[in-house]
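Student: Could we go through this model together, asking at each step what the terms rest on?
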Amino acid sequence: MTGPLESALPAGHRGARAPAAASARSPVTAPSRSRLRRAIEDPPVVRWALAALAVLFLAAFVLVPAAVVVVEALRGGLALWWKALADPDALAAIRLTLLVAAISVPLNALFGLAAAWSITRFRYRGKDALVSLIDLPFGVSPVISGMVIVLLFGAHGWFGSWLAERGLRVVFAVPGIAIATLFVTFPFVARELIPFMQAQGTEEEEAALVMGASGWQILRRVTLPNVKWSLFYGVILCNARAMGEFGAVSVVSGHIRGATNTIPLHVEILYSEYAFQAAFAVASLLFVLALVTLVAKKGLELRQASARRETIRQSTRSDL
Amino acid sequence: MSAVRRLAQRDRSPNRRKRGVLPGFGLSTGFTVFYLCLVVLLPLSTLAAKASGLGLEGAWRVIASPRALASYRLSFGASLVAAGLNVLFGVVVAWVLARYRFPARSLVDAAVDLPFALPTAVSGIALTSVYARNGWIGRFLEPLGIKAAFSPVGVTIALTFIGLPFVIRTVQPVLEALDPELEEAAAVLGAGRWATFLRVLLPAIVPAALTGFALAFARALGEYGSVVFISGNMPLKTEIAPLLIMTRLEQYDYGGAAAIATVLLAVSFLLLLCINRLQAWTRARAGHA
């Protein structure tokens with residue numbers, strides 16, 4: 001049924017049958033068609049102006065800077081780009097960044113899974129406080145994150161003399177960089193998993209329990225397959241931050257070339273030496289990492305949308 | 001032991017019934033709390049200890065020194081302006097993305113998240129190149145008498161970039177979830193577009209926009225990587241608070257660094273508290289509507 005008023009509505013608004021159709025039939029004068037459309041839709045001028053404003057804003061702050069990274073990286077051609085990456089110091093930085101991510105991402109993924117299990121599968125006092133505490137590193141400036149690691153393990157830090165007696169170096173060495181990264185990337189996986197597992201509920205796990213599955217079996221056969229994409233995206237985010245962290249790592253690294261420089265620190269050094277092309281060439285690696293992150297996000301969104309559609313279709317089918 | 005008996009046994013414990021029936025409470029909660037203490041709380045507690053070691057008077061001398069005051073002024077001022085710009089343009093972008101269909105829309109939508117995904121050092125050098133005097137955009141600002149890079153304007157630009165996704169990503173879902181019937185009802189009742197926007201749409205947007213503002217502000221306050229390249233780092237002029245902490249650290253003045261860090265951290269946590277309240281408010285609003 002398409003009343004006169006309904007066809008006046010824009011496509012997205014046609015769901016509203018009852019009130020609109022009723023008022024169309026009623027003798028009480030309904031507002032004119034064009035008036036209604038004016039009240040629901042933006043006039044074309046406004047549309048174009050707002051869209052232009054939005055695109056202009058995004059261009060000035062996001063798109064142009066992103067384009068600059070690519071253009072500057074490839075300015076001297078592919079050979080120069082490759083030369084900047086094949087430089088021994090750059091290779092050492094890449095190796096260190098991969099190592100640090102390989103240490104911090106699995107640990108934080110394990111933590112995220114445990115935290116999400118504890119928070120979404122049980123009720124207990126102090127849970128809200130726990131959730132807030134997990135978010136804490138997000139509220140801490142990266143410089144402060146690095147600084148607390150120095151206060152803990154530095155020469156005058158709490159464990160400084162203990163470490164010095166045993167000849168162990170944490171600050172201005174690889175372990176410090178790994179610990180600072182661990183701190184900074186701490187909430188990412190937990191933050192992705194908690195809302196997702198909360199929304200999913202406990203029915204499937206409880207069904208498995210009734211059928212005699214042990215805790216580990218439930219985790220492996222029910223929970224992990226259910227949350228794998230969410231977990232994957234959390235890991236991608238965590239990894240992107242681990243590889244890209246600058247402030248915290250900058251405090252604890254000591255900037256020793258070829259030894260304690262990560263990719264972002266190497267970019268900084270090249271840039272401050274006015275080796276712009278090389279700086280952007282190395283930065284383009286991190287840019288690609290950011291693109292991978294965005295693609296993963298888009299993929300997850302599409303997957304979740306299709307999963308939602310599937311659930312709706314199944315539920316309507318069972319209704320029939 | 002059969003599963004049913006195991007379950008029956010479980011149910012006998014009143015604690016477990018209250019908590020939930022699934023196994024692994026002790027292990028998961030224990031590990032979570034232990035790891036949290038080890039990785040986050042222990043390091044953060046050093047800060048309080050170090051700052052208090054300075055004594056009240058000593059800490060005050062550092063916190064209220066002219067250089068520190070100038071850095072707070074710049075950090076707070078630029079973060080406020082940046083978060084404000086983000087609310088203004090963020091609502092427009094969220095509106096356009098939620099309501100209009102146009103070519104390359106999903107590309108624009110994806111670009112919104114770039115500031116989250118791009119490492120700060122990369123954004124820092126990219127923004128500096130774009131807004132420097134001979135940069136792609138900077139060269140057009142120069143004749144207008146605007147010195148973008150190496151000035152407070154540059155700091156604001158970097159902080160706007162870093163906070164850009166927050167407002168958009170909090171307002172956009174609210175707009176998308178808004179029932180079109182609300183607007184239709186307003187229209188049928190005789191409201192014009194402007195009245196509908198002011199009295200129906202705006203009240204729905206405000207809590208989300210405020211949350212986005214607070215999130216962007218909190219992020220901007222602590223930001224370091226993207227700012228240090230574009231700011232020029234002149235003491236008293238373009239030195240942000242996190243950079244001042246860095247400078248103190250490089251001079252091995254850990255007490256002074258800790259004092260300034262405590263100020264910054266206190267404000268951040270206050271903001272987080274506000275954000276929690278705002279989010280609860282947004283949820284209550286959405287549930288109500």
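Student: What makes residues of chain A and chain B part of the contact?

Tutor: Two residues are in contact if their C-beta atoms, placed from the backbone, lie within 7 Å, and the contact takes 87 residues from chain A and 83 residues from chain B. On the side of chain A that touches chain B, helix α4 (residues 44-73) of chain A gives the most, with 18 residues. This is a predicted model, in which local features need pLDDT of at least 70 and side-chain atom pairs count only at pLDDT 80 or more, while totals for chains, interfaces and linings use all residues. Residues are numbered from 1 along each chain as its sequence is written, and chains are lettered from A in the order in which they are written.

Student: Which residues of the largest nonpolar core touch the most other members, and why is it called a nonpolar core?

Tutor: They are M147(A), V282(A), A283(A), V93(B) and I245(B), in a core of 171 residues. The name applies because such a core is a set of buried Ala, Val, Leu, Ile, Met, Phe, Trp, Tyr and Cys residues joined through C-beta atoms within 7 Å, where buried requires 20 or more other C-beta atoms within 10 Å of the residue's own. Beyond four places in sequence, A283(A) touches V69(A), A73(A), V267(A), V122(B) and I125(B).

Student: How do you know where confidence in chain A is lowest?

Tutor: By pLDDT, the predictor's confidence in each residue, from 0 to 100: the mean is lowest in helix α1 (residues 4-8) of chain A, at 40, and highest in helix α6 (residues 88-121) of chain A, at 96. Over residues 1-26 of chain A, pLDDT stays under 50.

Key:
Helix = DSSP H or I, 4+ residues; strand = E, 2+ residues; numbered from the N terminus. Buried ≥ 20, exposed ≤ 12 C-beta atoms within 10 Å, placed from the backbone.
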